[in-house]
Amino acid sequence: MLGSMFRSGMVVFIIMLMWRELAVEVEAQARKLAADEVKALHEIARELGKRDWDFTKDPCSTHSGFTLICNCSFPGDVCHVDSIFLKGQDLPSVLPPSLVKLPYIRQVDFSRNYLSGTIPPAWTSTKLEVLSASINRLSGPIPKSLESNMFFGPIPPRLGNLVNLEKLVLNANSLTGELPQALTQLTKLTELIGSNNFIGRIPNIYGNWTQLQKLQISASGFEGPIPPSISSLTNLTELRISDLNGGVSQFPFLRNMKDLERLMLRSCNIYGEVPAFLSDLPKLRIIDLSFNRLVGISRRFTSTHLEKM
């Protein structure tokens, strides 16, 4: 009797499980990926060199084989692509510009492939929060408009592997930690701009950046003093450092910066006199040395060629 009741109960339980799975599957089938995003995935696959996505199935289906996550919580019977994961798939082409056609994309992982070229500038208009593209063959500048986004966390040392990088602009994000020593490998840098929430002293890593033309470290969170390797940047046309936390600095030796046009060393806790060599820099036109501990101006210093001080 008990055995019969047990078997009957098991049958009911199995039927309930099957019904639940069927209900989930029916709901998933009812909510499909938006048609324009299916088209966008076709383009992304072509741009990446991804050939094994099966578009006879809905990409958001549980059994579709697509390595992505869909968000189906929107009103109506429609889903949107939230995340794409294509790590270590030997993809041979480029980062896909068509990613911008996924209006709800938040996360992508294209690491450990053979992708080349640059980060598409159009990506800056997306809602991306997490981008992983390490261990590829990427080169060229990071798009300038990556500034003023929501990127957070420390700068990965692997960024130093982008040895052809010419411009690194990280303004107005929430990056933290120290600038990694690996960035010294970026010997082709012409522009470095970084205002975030870094910690520690301004690193003494500028000796290798001999092609640098613009350096801006404004309200970055760094502590002084200004490192002596700044003096090796003889191709600078613009130098801006401001709001250093603590650490008394001597006035940096800028005598050999013959192309320097704009100089701002504001609130850097610099002490002593304004050095006379500034008057020997033929292209210098704009200076801001406010909110320091300067006690005077050298008698040899003249400002007849300056427009603003």
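This is a predicted model: local features need pLDDT of at least 70, side-chain atom pairs count only at pLDDT 80 or more; totals for chains, interfaces and linings use all residues.
Two strands are said to pair when DSSP finds at least two bridges between them.

**View A. Strand β3 and its pairing partners.**
Strand β3 covers residues 78-85 and is mostly covered, with six of its eight residues buried. Strands of a sheet pair through backbone hydrogen bonds, either parallel or antiparallel. Strand β1 (residues 32-33) pairs with β3 in the parallel sense over two bridges, and Lys32 has Val78 of β3 as its bridge partner. Strand β4 (residues 107-109) also pairs with β3 in the parallel sense, over three bridges.

Strand β2 (residues 68-71) and β3 run antiparallel and are joined by four bridges. Ile69 stands opposite Ser83 in β3. Six residues lie between the two strands of the hairpin, and Gly76 takes a positive phi near 90°. As background, the side chains in a regular strand alternate between the two faces of the sheet.

**View C. An open sheet of six strands.**
The strands of this sheet follow the order β9-β11-β13-β14-β15-β17, and their pairing is parallel. Which strands form the edges of the sheet? The edge strands are β9 (167-169) and β17, each of which pairs on one side only. From one strand to the next, the twist averages 10°. Within this sheet, β14 and β15 pair in the parallel sense over five bridges. Ile241 stands opposite Leu265 in β15.

**View D. The aromatic pair of Tyr206 and Trp209.**
The structure holds nine aromatic pairs. One of them joins Tyr206 and Trp209, with 5.3 Å centre to centre and 85° between the planes. This pair counts as edge-to-face because its planes are over 60 degrees apart. Are these two residues buried or exposed? Tyr206 has a relative accessible area of 0% and is therefore buried. Trp209, at 1% relative accessibility, also counts as buried, because the cut-off for that term is under 20%.

**View E. The aromatic pair of Phe251 and Phe277.**
Phe251 and Phe277 form an edge-to-face aromatic pair, at 6.4 Å centre to centre and 75° between the planes. Phe251 lies in the loop between β14 (238-242) and β15 (262-266). Phe277 lies in the loop between β16 (271-274) and β17 (286-288). The pair therefore ties together parts that are 26 residues apart in sequence. Both Phe251 and Phe277 are buried.

**View F. An aromatic cluster.**
Trp53, Phe55 and Phe66 together form one aromatic cluster.

**View G. Confidence along the chain.**
The protein averages a pLDDT of 80, and 79% of the residues score at least 70. Where is confidence lowest, and where is it highest? The lowest mean, 45, belongs to helix α1 (residues 2-30), whereas β15 has the highest, at 96. Over residues 5-29, pLDDT stays under 50, and the model has three contacts beyond four places in sequence for this stretch. Over residues 303-309, pLDDT likewise stays under 50, and here the model has 16 contacts beyond four places in sequence.

Conventions
Residues are numbered from 1 along each chain as its sequence is written. Side-chain values use heavy atoms; hydrogens and water are left out. Rings of Phe, Tyr and Trp (its six-membered ring) pair if their centres lie within 6.5 Å; planes under 30 degrees apart count as stacked, over 60 as edge-to-face and the rest as tilted. Buried means under 20% relative accessible area, exposed over 50%, partly exposed in between (1.4 Å probe, protein chains only). pLDDT is the predictor's confidence in each residue, from 0 to 100. Contact means heavy atoms within 4.5 Å. Axes are lines fitted to C-alpha atoms, for helices over the stretch in contact, and angles run from 0 to 180 degrees between N-to-C directions.
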